[in-house]
Amino acid sequence: MGWWRWRSGRRAKIRTVVSRSGDTVSLPGGTVAFGLGSNGAPGGGVSVSHSGDATVAGDHSIANAGYIHQILGENLTLVQHSSPREPAAWPHQVGYVPRRAQSFQHRVEAEQLRAVVDDGDTAVLTQVLNGMGGVGKTQLAADYAHAAWQDDSLDLLVWVTASNRTDIVARYAQAATELCRADPGDPDRAAEQFLAWLTPKATAKPCRWLIVLDDVVDPDDLIGLWPPDSPHGRTLVTTRCRDAALIGPGRRRVPVGLFSPAEALACLKNSLAAHRRTEPTEELAALAEDLGYLPLALSQSVAYLVDAGVAAADYRTLLADRGTRLKDIAPDRLPDDQLSPLAAVWSLSADRAAALGPAGLVRPMLQLAAALDPNGIPAGVLTGPPACAFLASASIKRRRWWRRRVREASDKDAMAALRALHRLHLVDHDHDAPRQPVRVHQLIQRVTYDETPPESRDAVAHAAADALVAAWPTTTRDAGFAQTLRANAQVLARHAGDTLFRPGPHRVLYRLGQSLGDSGQIRAATLYFQDLTNRTAHALGIKHRDTLLAWHCFARWRGQAGDPAGAAAEYADLLEHMLRVHGPDHPETLVTRSRVADWRGQAGDPAGAAAEYADLLEHMLRIHGPDHPDTLVTRSRVADWQGKAGDPAAAAAQYAELIEDMVRALGPDHSTTLVTRSILAGWQGKAGDPAAAVAGYAALLEHMVRALGPDHPDTLGVRKGFAYWLGEAGDASGAATAYADLLDFAVRVLGLDHSDTFIAHQFLVHWREKAGEPTGAAERNYLARMHVTTDPNAHVALLRDEVDFWMRVQGPVGPNSLTARNNLAFSLGQAGNPSAAAAEYSALIEDMGRTLGPEHPEVLSQRGQLAHWRGEAGDTAGAAAEYSDLIEDVVRTLGPDHPDILYHRGSLARCLAKAGDAAKAATAYEQLLHARRQHLGDNHPETLAAWGSFAHWQGRAGDTDAAAAECTCLLEHMKRVLGEDHHHLWVIQHNITHWETIAREEDEE
């Protein structure tokens, strides 16, 4: 009903009056009135006061009542009457069912919907499609509805857009009006009438119905509006909510996940084919992975590719750039009748989650999760004290100034925020399994990042870094947990960029590198700290304390990686800067001097190390005096390196003097005193007096038991020394007895599966056989025999014994089993049997992949060994293929900046060069050169070496002019870096002449 009027003085003219059945209109006056009939029923009419009746003769007919003069204070009333409408015939559809998307994929969830399921004794009449926004729930529901409608299994289909209660009631009221003569003027009553009509009745003809409630936002909207249970009816609900209120007797939850990689690839290919577009399969597969296999994202990405005319590779570049917002790469027109661009898909869910969770904490929690690894964030990181402090501060910032008051957030508040996000499918977190990590889709992370104000992003990154450090134990026994923390730190560092270097490098950056080394990834730790040193120096300067700390870590791990000479050189350079920055007496300067000495000794110059420590000792005496603990430790290092330099007697004598001073200065029970007594006994034995070593260890053992207890780790160490030197002193029976005692303690304290227990058992067998005592053990301890055999085959045989032992004790994937199997595989290669080494590594990788997952860093590391030994065995093609696959997997799982990528790229290039494939070798060296420039800089020796190799293989591939040009550029660069007289320059000059000569000869031919 509507009207349009204007006033002129006291007279008002009614230009148009339209009235439907049942309406009553009161007007102050007018000229013309019109009435609409209903269903063509005669006799309907419009009554107009003070003027007479206007009768409607048929459906939508018009009656004119003439001029009506207004009388001040009186109203004009129009009332229309019509006869009731007849119910619609079956089959009947109410509401529009979305059409099938062009790239619709048949999925397993569709089969689950169609399956007839019973829940105990109750038939499942209602199914709830549950999943995050964008996974295709509506499309699955529409497919189900279309299929049911087309196979004539329905009399009634009602599609309800159920995003709010008003829309649900309105659609029910429409169905009631069309099916059971309900009054549309009272929607609530009509909805009740429709639900009552759906209820099965014994005397009524059964109606086979399907009601689809699409996109239920709030389960409370369905209170009193759930369709009734009926053997002839089915209800299908789609929702992002996981609330328990949606599931009950007779209802089944059907979770809807992401596309599989194959489904996602098929979606992209089919959608592009519809627009006569093709893209390389590998690019589409990579794009699907970048988009997290989310159906909506795939669909909209295709629309953007087509509309913008860009290639998949270029779209991936835009997607990877965090400076590009997702809404900036959305298509101008959405495909398949979609209503929201990707960036807006989760806004409603986020608003709903914020309403469900603690006030002001839900969105900051999502921001925190968006900064970390989407594949798994330890819940303790998001609920620990740093995270709670960030949530509280963010909550205060969101309030108006007059409402701001300090409110602490507890771990319970943080968990409640997580649960609210989980309920709306914004994160995945199993509350019943607290050790399970929190997962969040990468596109939800990206949208959250885009919506976070730029001025708040630094605070989010630092809060996430603080939370990781707080959750990171000093000593991590759980390798899986350590890897999860490293993965989160790597993602955070990659996305935060320079943020974590302001005002200085965050502690999490150092913790990440330390954990890499502690996990056995020594080379990765070395390259990581080298990069950290360069970045810190660039940001803060070479003299900054944080730069010096990163440099110290780089030098340490370089030595641990098997380059003690390089470590000694790095520490020597570092010492020069320490002296200029801190002076000679600063504690960090003194520590650096000790590191120079230690690595010099480990590099093969123990005498030089002893001399360095002797100079340091004089300095310590001047600064601290003779009784300071640091001075006493320095004296022990002097003695130790003298012994390693070939004078064990001098070492023993100095340790004997040192112990007297330690007892006086520190006391007889001080841990340093006790450790020094153990070292003294060892040097006495090495000096040719095993009896003195036995006596020293025996006396010390009694003292340790009294001071520290029989089960203390240091006590067990002394037991090992005592048993060993008994055997070396010729007392085989005594050694066997001592090892038997040690074994008892090791089993009780360390357990059957500890490596020290295994070693004690093997030594026990060894000395019992030496003593002629009966033993049923057939094993031989390879550690006990390594000092008397250099035969690599014998070494392999001993390693096989160890593998057999640990396989029996722990199974094939126990920690010691994996270590022993790795040692065996490597030793097989070292013994000249690379084929067997490759076979062992292949079996090891298969078992590790089942346990840790195929993309676990340790599995990837072993794949590098497999590729190496395949190449050594002559299978260069297989090795190159393995390296190529490995590089892709490392880039995908660990990121493009992971240190291992440099190593693998170098190995791939060398493998291709060894195979004689000049063109592929040139391409590989070009990629290696680019990576080394990016990570190490243009002036690094390894970068220059890659540059030379690239030029060489360019020439070998036939492009002699390009080879000569590259060598010329390299020569000029090396002159600037190394100087005009460096001996490497003549090699480059020779190469230039060589390639220019060949190029000239080719031109002449």
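## Thr634 in helix α23

In this predicted model, Thr634 belongs to helix α23, which covers residues 629–644. Its relative accessible area is 6%, so Thr634 counts as buried. Leaving aside residues up to four places away in sequence, Thr634 is in contact with Tyr613, Leu616, Leu617 and Met620.

## Asp450 in helix α14

Asp450 is part of helix α14, formed by residues 442–451. With a relative accessible area of 17%, Asp450 is buried, because the cut-off for a buried residue is under 20%.

When residues up to four places away in sequence are not counted, Asp450 touches Thr324, Arg325, Leu326 and Arg457. Lys327 is 123 residues apart from Asp450 in sequence, yet the C-alpha atoms of Asp450 and Lys327 are 8.9 Å apart in space.

## Glu858 in helix α34

Glu858 is located in helix α34, which comprises residues 857–872. The relative accessibility of Glu858 is 22%, and this residue is therefore classed as partly exposed. Buried residues fall under 20% and exposed residues over 50%, with partly exposed residues in between.

Along the chain, Glu858 and Met848 are 10 residues apart, and a distance of 8.3 Å separates their C-alpha atoms.

## The parallel sheet

Strands of a sheet pair through backbone hydrogen bonds, in either a parallel or an antiparallel manner. In this model, an open sheet is built from 6 strands with parallel pairing, arranged in the order β7-β11-β12-β13-β10-β14. Its edge strands are β7 (92–94) and β14 (251–255), each of which pairs on one side only. From one strand to the next, the twist averages 15 degrees.

Strand β10, made up of residues 126–130, runs parallel to β14 and is joined to β14 by 5 bridges. Within this pairing, Asn130 has Pro255 of β14 as its bridge partner.

## Helices packed on the sheet

Helix α2, formed by residues 137–150, packs on the sheet. The strands that helix α2 touches are β7, β10, β11 (156–161), β12 (209–216) and β13 (233–239). The direction of helix α2 makes an angle of about 165 degrees with that of β11.

Helix α4, consisting of residues 187–198, also packs on the sheet, where it touches β11 and β12. Between the directions of helix α4 and β11 the angle is about 140 degrees.

Definitions and conventions
Residues numbered from 1 in each chain as written. Predicted model: local features only at pLDDT ≥ 70, side-chain atom pairs only at ≥ 80, totals over all residues. Heavy atoms only, no water. Pairing = 2+ DSSP bridges. Helix = DSSP H or I, 4+ residues; strand = E, 2+ residues; numbered from the N terminus. Axes fitted to C-alpha atoms, helices over the stretch in contact; angles between N-to-C directions. Contact = heavy atoms within 4.5 Å. Buried < 20%, exposed > 50% of the residue type's maximum accessible area, 1.4 Å probe, protein only.
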